[in-house]
Each structure stands twice: as C-alpha cells, then as structure tokens.
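Colleague: I am new to this model and would like to go through a few of its details. Please take them one at a time.

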Amino acid sequence: MSEPTDPVAGRTGTILYIEDNLANLQLVRGILAYRPSITLVSAMHGNLGLDQARRHAPDLILLDLHLPDISGEEVFKPLKQDPTTSAIPVVIVSADASRETHERLEAAGASLFMTKPVNVRQFLETIDAILE
Ligand code: MN
C-alpha cells in the first residue's frame, strides 16, 4: 500500500488556497511538492479569492476563515450561491473554528474542515480523495 507522501504524478487539478498567512501558504506549497501535477493558486484577500475562484474554476478551494478584508464565511456564501463556483468542494482550514461556525458552514455545504497547523498526511489524503 502506498503512503500518502509517495509522489503521485497522475493526480492532477487546480487548488485555490485563500489564506492571508504566508507561512501557511508556504507550508501547503511545500506539501504539494508531493503532488507535482497539481497547480496551486493562492489569494491573500477574500475578494481576490472570489475573483480567482471565478477565473480559474479550481477543482478544490481551501479557505481560511480569518482574512484581512472579508471573513471566510463571507467568501463561502457567494461561492456557494454563484452557479459557476457552487459545485467546487470547499475545505475550511482554520485553527479555531467554533463548534457553531463549524456547524453553520457544514450545513451551508462545506465539504470538510482541516485544523491548523495542517498535518501533511491528513492534507494529502484529503486532497487525494477530493481530486480522485
Ligand atoms: Mn488568516
């Protein structure tokens, strides 16, 4: 059985990571070195993230909840309302999502939650499952 950290050249797709913390962005960029066929697009502001989602039509969106301009929830809602982005799986990546926030986003269609700091194995298993 292969380990999730074995490079999987065949796994292709585009991931949009909406995150304002450079260290987290670099961590995810580093992990994605194990998936060389995946393209990572990033946005450090919520409104830019919405623009990027519409422009790139990514296969998966990773969304931080604390962003400098609008909150992650304010990014999430228009993503789910816009028919061009509504089908894209959104994984919430947050250090401190309250149970209430978690439940609200899950009810609104969030695919999964990931806790920061991102765990390499969990991260790769999650994106592999979604991009399969
Ligand atoms: Mn943040």
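Colleague: Where is E19 placed?

Modeller: This is a predicted model, where local features need pLDDT of at least 70, side-chain atom pairs count only at pLDDT 80 or more, and totals for chains, interfaces and linings use all residues. Residues are numbered from 1 along each chain as its sequence is written, and side-chain values use heavy atoms, with hydrogens and water left out. Helices (DSSP runs of H or I, at least four residues) and strands (runs of E, at least two) are numbered from the N terminus. E19 is in the loop between strand 1 and helix 1.

Colleague: Is E19 buried or exposed?

Modeller: Buried means under 20% relative accessible area, exposed over 50%, and partly exposed in between, with a 1.4 Å probe and protein chains only. The relative accessible area of E19 is 0%, so E19 is buried.

Colleague: Which residues are the protein donors of the manganese ion?

Modeller: Donors are N, O and S atoms within 2.8 Å of the metal (3.2 Å for Na, K and Ca); water is not among the atoms, so sites may look incomplete. The protein donors lie 2.0 to 2.2 Å from the manganese ion, and they are D20 (OD), D64 (OD) and H66 (O).

Colleague: How many residues apart in sequence are the parts that D20 and D64 tie together?

Modeller: D20 is partly exposed, at 30% relative accessible area, whereas D64 is buried, at 2%. D20 lies in the loop between strand 1 (13-18) and helix 1 (22-31) and D64 in strand 3 (residues 60-64), so the pair ties together parts that are apart in sequence by 44 residues.
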